[in-house]
Amino acid sequence: MTNPIDLQFDRDHLWHPYTSTTAPLPCYPVVSAEGVYLQLEDGRCLIDGMSSWWSTIHGYQHPALSAAAKAQIDRMSHVMFGGITHQPAVELGKRLLAMTAEPLNKLFLADSGSVAVEVALKMALQYQQGIGAAQRTEIMTIRGGYHGDTFAAMSVCDPVNGMHSLFQAVLPKAHFLPRPTTGLHQPLSQQDAMALEQGFNQYGGQLAAVIVEPMVQGAGGMRFYGAAYLQKLRQLCDKHQVVLIFDEIATGFGRTGKLFAYQHAEVVPDILCLGKALTGGTMTLAATLATDAIAAGVCNSAAGVFMHGPTFMANPLACAVASASLDLINQGQWQQQVAAIEEQLQAELAPCRTLDTVADVRVFGAIGVVETKRAVDVATIQQFFVERGVWIRPFGKLLYIMPPYIVSSAELRQLTNALYDALNNERCFTISDH
Ligand SMILES: *Cc1c(COP(=O)(O)O)cnc(C)c1O
């Protein structure tokens, strides 16, 4: 018998993500998790529709991941990576390089997604210095993006609704192209073509890098856009000698129906950021991959080395679990699973379009999004979902489902039904919204 979770202590002392500590919303105590289920302290089980923020793709407590963690913890949980190497890092590196595009040949193992983005931006800047283009110090991105919560990452998040507008005064200034209008499976829109040309004509000579989330803008608005945009972006980066960074921290490892979202466009970035699902949601680990050309430029800069090295770089425990997760990915079931989830989400979220409260419904891969006209009341809707046996965490006007790939069709139906019922329930919306 374990002690009950001290919720009062939690309320009084613990920050939660994007949450007030003086007027916190209720938190649900979870004591264990298995498969797609989270178990609450009171014994209720919830189907996790969020994959714990894109990460738990194989479900909780997957035996292969737990076994890898246990085996590694008995050998070595951690050792510094400065001057030392180890089998978990080498094994993970081999797997990651084998599954990503051929030119991506150098790997930096960071400790979280935001840090992987910092590393990518820093690499681009050092690369430009190393090839004698030190005047290229600026970064361009597109509106509606999300790249993390650290300072350089914040500077390329959407400047208005990117959660970080409070910090505008101290953030480095990035250049923002308009949000892409090119839809999935559509040719490049005239608007996008013009905006891209104009952005590069105006800033091309100052830019070190462009960073985008390919195909799916995640926490910045859960929007999808077409491959044609990325193809044009690649052309312009080449023409203007600008480093192209793809942030696939959310989309990597099958979520969009391809192993990596860049494969929809057949466009390869110079630098690629991975995270979230890398360890199958077991623990934190992220990766920044770069081409040999980028690495050569970085190491030709004044410092002669890449200036970054976190304490927990290439943590052996995390690397061992990540390799086990990639072995599961390489077995290939995710392809049928994601395709089946996509088809079911298309079918079962379609009826939401008829509801007065709904502005848009969109599905891509194992991602289903319902955008509402008014903001939802988070505390009420969360309780509604918990009572219906599901875990769906909305933000603002966005309700979305991205379940573990192993979700059954009956479990997925429970998620989509709960979503429909919530949207059809006036109680779940805020009284007034501006
Ligand atoms: C979550 C996310 C990040 C930040 O990752 P953390 O591990 O939370 O620091 C960066 N980019 C994208 C696209 C993300 O979805």
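A residue is taken to be near a molecule or strand if one of its heavy atoms lies within 4 Å of it. In this predicted model, local features need pLDDT of at least 70 and side-chain atom pairs count only at pLDDT 80 or more, whereas totals for chains, interfaces and linings use all residues. Residues are numbered from 1 along each chain as its sequence is written, and side-chain values use heavy atoms, with hydrogens and water left out.

By this criterion, the ligand is surrounded by Ser-112, Gly-113, Ser-114, Tyr-146, His-147, Gly-148, Glu-213, Asp-247, Ile-249, Ala-250 and Lys-276. Oxygen atoms of the ligand are placed 2.8 Å from a polar backbone atom of Gly-113 and 2.5 Å from an N or O atom in the side chain of Lys-276, while a nitrogen atom of the ligand lies 2.6 Å from a polar side-chain atom of Asp-247. Of the 380 Å² of accessible area that the ligand has on its own, the protein covers 83% (Shrake-Rupley method, 1.4 Å probe).

Side chains of opposite charge can pair when their charged atoms come close. A salt bridge (a side-chain nitrogen of Lys or Arg within 4 Å of a carboxyl oxygen of Asp or Glu) joins Asp-270 and Arg-234, with an N to O distance of 3.0 Å. Asp-270 counts as buried at 15% relative accessibility, and Arg-234 is buried at 13% (buried means under 20% relative accessible area, exposed over 50%, partly exposed in between, with a 1.4 Å probe and protein chains only).

Technical notes:
Polar contact = N/O pair within 3.5 Å; in protein donor to acceptor, adjacent residues only side chain to side chain.
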